[in-house]
Amino acid sequence: MKVINNIALILTIIGGINWGLIGLFKFDLVAWIFSGQDSVMSRIIYSLVGLAAIWCISLLFTNRTAD
């Protein structure tokens with residue numbers, strides 16, 4: 001479970017950085033890397049980031065104990 005949590009956090013951070021770039025500079029890094037927002041790879045990345053964000057909601061309600 002810890003690995004999934006870490007992957008979800010990394011993807012959410014990537015999404016946050018991308019949104020920050022869009023907000024500050026009107027630059028979509030994911031679209032730039034994968035040749036546009038409509039490319040299959042861009043849509044996969046956007047979908048994974050969205051799913052990771054939904055997963056991270058569950059982290060708000062977990063009991064945090066030292067592993």
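Which residues are exposed on the other side of helix 3? The legends below take up this helix and then its surroundings.

**View 1. The exposed side of helix 3.** V40, R43, L51 and I54 are the exposed residues there, where exposed denotes over 50% relative accessible area, buried under 20%, and partly exposed in between (1.4 Å probe, protein chains only). The model is predicted: local features need pLDDT of at least 70, side-chain atom pairs count only at pLDDT 80 or more, and totals for chains, interfaces and linings use all residues. Residues are numbered from 1 along each chain as its sequence is written, and side-chain values use heavy atoms, with hydrogens and water left out.

**View 2. The buried side of helix 3.** S42, V49, A52, C56 and L59 are the buried residues of this helix. Because they cover an arc of only 85° around the axis, they lie on the same side of helix 3; the arc is that of the directions from the helix axis to the C-beta atoms. An α-helix has 3.6 residues a turn, so residues three or four places apart point the same way. Helix 1 and helix 2 (29-33) are included in what covers these buried residues, contact being heavy atoms within 4.5 Å.

**View 3. The length of helix 3.** Its 20 residues reach 29 Å from the first C-alpha to the last, close to the 28 Å expected at 1.5 Å a residue. The expected span is 1.5 Å times one less than the number of residues. Helices are DSSP runs (H or I, at least four residues), numbered from the N terminus.

**View 4. A nonpolar surface patch.** V40, M41, I44, L48, L51, I54, I57, L60 and F61 form a nonpolar surface patch of about 950 Å². Patch residues have over 30% relative accessible area and no salt bridge, and nonpolar side chains (Val, Leu, Ile, Met, Phe, Trp, Tyr) are joined within 5 Å. A salt bridge is a side-chain nitrogen of Lys or Arg within 4 Å of a carboxyl oxygen of Asp or Glu. M41 belongs to helix 3 (residues 40-59) and, at 41% relative accessibility, counts as partly exposed.

**View 5. Two loop residues with positive phi.** K26, in the loop between helix 1 and helix 2, has a positive phi of about 55° although it is not a glycine. K26 is exposed, at 79% relative accessible area. S35, in the loop between helix 2 and helix 3, is likewise not a glycine and has a positive phi of about 65°. S35 is exposed, at 68%.

Note on methods:
Patch = residues over 30% accessible without salt bridge, like charges linked within 9 Å, V, L, I, M, F, W, Y side chains within 5 Å. Areas by Shrake-Rupley, 256 points an atom, 1.4 Å probe, with all protein chains shown as cover.
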